[in-house]
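Work through the exercises below with the coordinates open. Each task is followed by a stepwise solution.

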Amino acid sequence: MKRLIKTLTCTVAALAITSAGQAGEDDELVINEELEISTKAVASADSPLDELVSGWRYRADETQELQMDDFDNPSFIFVEQAEDQWKKVEGTEGKACSSCHEDVADFKGLRTVLPRWNEAKAKVYTMENYINDCRVDRMGAEPWKWAKGKMTAMTALISVQSRGMPVAVKTDGPAQAAHDLGKEIYYTRVGQLDMACSSCHEDNYGNMIRADHLSQGQINGFPTYRLKNSKLNSTQARFKGCMKNIRATPYKVGSPEFTALELYVASRGNGLSVESPAVRN
């Protein structure tokens, strides 16, 4: 039975994945006619990729254009909601985000280095971890669910402060073990379709699967607005969706496994510009 499933899987893959040129491969991303975004970068010496390419370059012209103007980018509906949330007092301490952090612009550069090792907590932290720590420990408020609306809106608001800056995630020192775990997960075949992250985003990027281009799976644009579900999507929610697509049992969002995977995948994009919040299919 297993042999039959693998045979069927290979047949389906051969039919579904076809070679095609990148959409808009000569285009450049300039936001609001002033902010130049580096959608290509030189890969590091130890990278398995010849060149780093943003997912924006694999999108159709119409989708690319949505990201080139904040007025057209549907992500900014949620960013504006987060701006209101920033000032909202919640919890037993009678505080808002703005009570401690007067200007969200002070977080410029933070998105470029996350996930990162948190010495005080002795583990790798994502932006969602930091936000919920502030809510619980400083505001006395309930933590937000990891991949739900308020959380993804707030991560988008904070991330946009770093837009245009190069990703510079560190994976050495105490973060090395998590990085190695993330790398192992990235290359491990799982699910009924017997696929790994690398099956699509390393072995077949630039090809077509069904009606869409496969990208390198870079996450420099997350949280990102997906036309498919008309909302902002977090990095780990996308991981979960990918695992479901290959009929595997996904890890929980916020789990050590997905956090390790986020660290590894983020580091694969070092040098690309932060695009958050991006627009993708």
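## Exercise 1: Helix α5

The buried residues of α5 pack against α3 (75–86), β7 and α6. This is a predicted model: local features need pLDDT of at least 70, side-chain atom pairs count only at pLDDT 80 or more, and totals for chains, interfaces and linings use all residues. Residues are numbered from 1 along each chain as its sequence is written, and side-chain values use heavy atoms, with hydrogens and water left out.

Task: list the buried residues of α5 and find its reach from first C-alpha to last.

Step 1. Helices (H or I, at least four residues) and strands (E, at least two) are DSSP runs, numbered from the N terminus.
Step 2. Met127, Glu128, Asn129, Ile131, Asn132 and Arg135 are buried in α5. Buried means under 20% relative accessible area, exposed over 50%, and partly exposed in between (1.4 Å probe, protein chains only).
Step 3. The 12 residues of α5 reach 16 Å, close to the 16 Å expected at 1.5 Å a residue. The expected span is 1.5 Å times one less than the number of residues.

## Exercise 2: α5 against α6

Task: describe how α5 and α6 pack.

Step 1. Helix α5 (residues 127–138) and helix α6 (residues 149–160) pack at about 110°, with axes 10 Å apart. Axes are lines fitted to C-alpha atoms, for helices over the stretch in contact, and angles run from 0 to 180 degrees between N-to-C directions.
Step 2. The two helices, α5 and α6, are therefore roughly perpendicular (angles under 35 degrees count as roughly parallel, over 145 as roughly antiparallel, 65 to 115 as roughly perpendicular and the rest as oblique).
Step 3. From α5, Met127, Glu128, Ile131 and Asn132 meet Met151, Met154, Thr155, Ile158 and Ser159 of α6. Contact means heavy atoms within 4.5 Å.

## Exercise 3: The faces of α7

Task: which residues of α7 are buried, and what do they pack against?

Step 1. Helix α7 (residues 176–187) has 12 residues and reaches 17 Å from first C-alpha to last, close to the expected 16 Å.
Step 2. Ala178, His179, Gly182, Ile185 and Tyr186 are buried in α7.
Step 3. These buried residues fall within an arc of 125° seen down the axis of α7, so they line one face. The arc is that of the directions from the helix axis to the C-beta atoms.
Step 4. On the other side of α7, Ala177 and Glu184 are exposed.
Step 5. The partners of the buried residues of α7 are β7 (123–125), α8 (197–201) and α10 (256–268).
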